[in-house]
Amino acid sequence: MDASYQTTGGFGKLDGGYVKHCAPTAIVNVLLSLDHRNPTRAGQKIVPEQAFRRIVSYGLHKHYYFNSDRFRFFGGTLNLVTKAYLKTALRMYGREDFKLGIFRPAWPFFLRRALDKGALLYLILVRHPAYGNHHAIAYGYRYRRDEKGKKRFFLVAADGWSAEPKEIPAKGMLLSSFFPVYHDPEKSLQK
């Protein structure tokens with residue numbers, strides 16, 4: 001699979017420490033995954049730690065990311081600015097050959113449709129039973145039968161906690177959202 005599985009634990013101790021940094025980690029995973037799928041013509045190699053620092057620095061400067069966890073409530077990345085944050089990161093690394101789709105609720109129909117079109121999904125999980133409030137990246141999906149034999153929908157994802165693919169159950173995504181990241185071949189040809 002052409003995916004990146006950087007983790008918050010891998011970046012958490014850099015520069016004296018980071019907290020609630022799942023969004024910058026997810027953005028690094030997007031950049032590295034897109035590079036695996038469609039390398040840039042310039043051959044610019046993305047070093048994960050350097051990319052993370054650059055993305056965090058920009059997020060701190062623009063007040064997209066706050067390296068704090070005040071009262072277990074305030075800190076991290078504001079969900080509403082995540083798309084702008086990722087769009088800027090793509091530009092910073094010369095990835096104008098990708099476009100971001102619109103925000104959608106993280107319901108199986110929308111998730112499946114975007115993944116079937118070849119998109120990578122930027123997930124904004126809200127009050128998920130396993131992840132709480134968290135940002136992750138989805139690359140695919142699977143169906144599995146539960147103990148009662150009922151078919152359940154799972155996303156195959158880089159959850160930012162594990163260095164390998166994880167299955168995130170869609171069952172707990174009622175309040176969550178996502179936006180797709182599509183390759184735009186026409187912009188690739190313009191370069």
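User: In strand 9, how many of the seven residues are buried?

Analyst: This is a predicted model, and strand 9 takes in residues 177-183. Buried here is under 20% relative accessible area. By that cut-off strand 9 is mostly covered, and the count of buried residues is six.

User: What is the bridge partner of Pro105 in strand 9?

Analyst: Strand 4 covers residues 104-105 and also pairs with strand 9, antiparallel, over two bridges. For Pro105, the partner in strand 9 is Ser177.

User: How many bridges join strand 5 to strand 9?

Analyst: Strand 5 spans residues 120-128 and runs antiparallel to strand 9. The bridges joining strand 5 and strand 9 number five.

User: Why are the buried residues of helix 5 on the same side?

Analyst: Helix 5 is residues 108-116, and its buried ones are Phe110, Leu111, Ala114 and Leu115. They sit on the same side of helix 5 because the arc they cover around the axis is only 125°.

User: Which strands do the buried residues of helix 5 pack against?

Analyst: Contact here is heavy atoms within 4.5 Å. On that basis, the buried residues of helix 5 pack against strand 4, strand 5, strand 6 (132-145), strand 7 (151-158) and strand 9.

Notes. Residues numbered from 1 in each chain as written. Predicted model: local features only at pLDDT ≥ 70, side-chain atom pairs only at ≥ 80, totals over all residues. Heavy atoms only, no water. Buried < 20%, exposed > 50% of the residue type's maximum accessible area, 1.4 Å probe, protein only. Helix = DSSP H or I, 4+ residues; strand = E, 2+ residues; numbered from the N terminus. Pairing = 2+ DSSP bridges. Arc of directions from axis to C-beta.
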